[in-house]
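I opened this notebook to record what I looked up in the structure. The entries follow the order in which I worked.

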Amino acid sequence: MFESKRRALIFITLSFILAILAGVLFYNNVNELNADLGEMSEVFVVEQNINSRERISADQITTIEIPNRYVTDAHVLSMEQIEGQVSIIPLQEGDFVTQNILRPFTELTDEGNRLVELLEDNSKVFFDDELQHLDRVDIVVSQSFEEEPVTEVFMSDVLVQKVISSDTGQGVALEVSKQQAPELIHMQHYADNIHILKSTNGNSEVPQSETKEEVTEEAVTEETEQEPDQNNEA
């Protein structure tokens, strides 16, 4: 009787010691794993499905913690990086919000209009004044036709929807009609030089809808009217 109790007490003691050893080993392994992973950082993930080009609101996202070793420059770490942004692709619940899919939210004055960016880092684009959001500009292009250079007003009174700043210079996103967008992009590729002139009063004499052909036609008309006067003087 006493022998069986003694054996039971020994087994209980050994079990208790083994349990303590297992707990110590588990605790050490967890500490080693945490040491390998490093400290944690909060990153933003989608809590509700977000459509592409839909302005992101605070109630659509949440934060989770991940080890610093897995955090990259693409991860969004603060709400300020998301405010006023849209996603260029649809996002599902649980997706990470990364900077490469975010774009600034813009409100076009007309749903049929488009934004075209002109950047100063392109050697053919020049800005003659510092621009701000909602400024109006005239676009003057220089190009050669049959080796004869021509400089003319291409578009006037164009709205600046966004100002872009970079290490290489400034840039703007101009709001133009759907029909004018291909014409402006064509000039970006094939014009010799493009000058962006800030309008003095935001309302140029030539309407925005006029293109370079209409401006050229006016110039030809003026020259035709001047020729009879010169002949009369002669």
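I began with burial: a residue is buried under 20% relative accessible area, exposed over 50% and partly exposed in between, with a 1.4 Å probe and protein chains only. I note that the model is predicted, that local features need pLDDT of at least 70 and side-chain atom pairs pLDDT 80 or more, and that totals for chains, interfaces and linings use all residues. Residues are numbered from 1 along each chain as its sequence is written, and side-chain values use heavy atoms, with hydrogens and water left out.

Entry: overall layout. I found three helices and ten strands in the chain; helices (H or I, at least four residues) and strands (E, at least two) are DSSP runs numbered from the N terminus. The order along the sequence is α-β-β-β-β-β-β-β-β-β-α-β-α. Of the 234 residues, 30% count as buried.

Entry: salt bridges. I searched the whole structure and found two salt bridges, each being a side-chain nitrogen of Lys or Arg within 4 Å of a carboxyl oxygen of Asp or Glu. One joins Lys 198 and Asp 135 at 3.6 Å, N to O. This pair links distant parts of the chain, with Lys 198 in strand β10 and Asp 135 in the loop between β6 and β7, 63 residues apart. Asp 135 is buried, at 15% relative accessible area, whereas Lys 198 is partly exposed at 34%.

Asp 157 pairs with Arg 136, their closest N and O atoms lying 4.0 Å apart. Here strand β8 holds Asp 157 and strand β7 holds Arg 136, 21 residues apart. I recorded 11% relative accessible area for the buried Asp 157 and 27% for the partly exposed Arg 136.

Entry: Asp 138. Which side chain of opposite charge is nearest to the buried Asp 138? I found Arg 136, 8.9 Å away, and no salt bridge for Asp 138; Lys and Arg count as positive, Asp and Glu as negative, while His and the chain ends are not counted. Asp 138 lies in strand β7, residues 136-145. A polar atom of the Asp 138 side chain lies 2.9 Å from the backbone nitrogen of Asp 157.

Definitions and conventions:
Polar contact = N/O pair within 3.5 Å; in protein donor to acceptor, adjacent residues only side chain to side chain.
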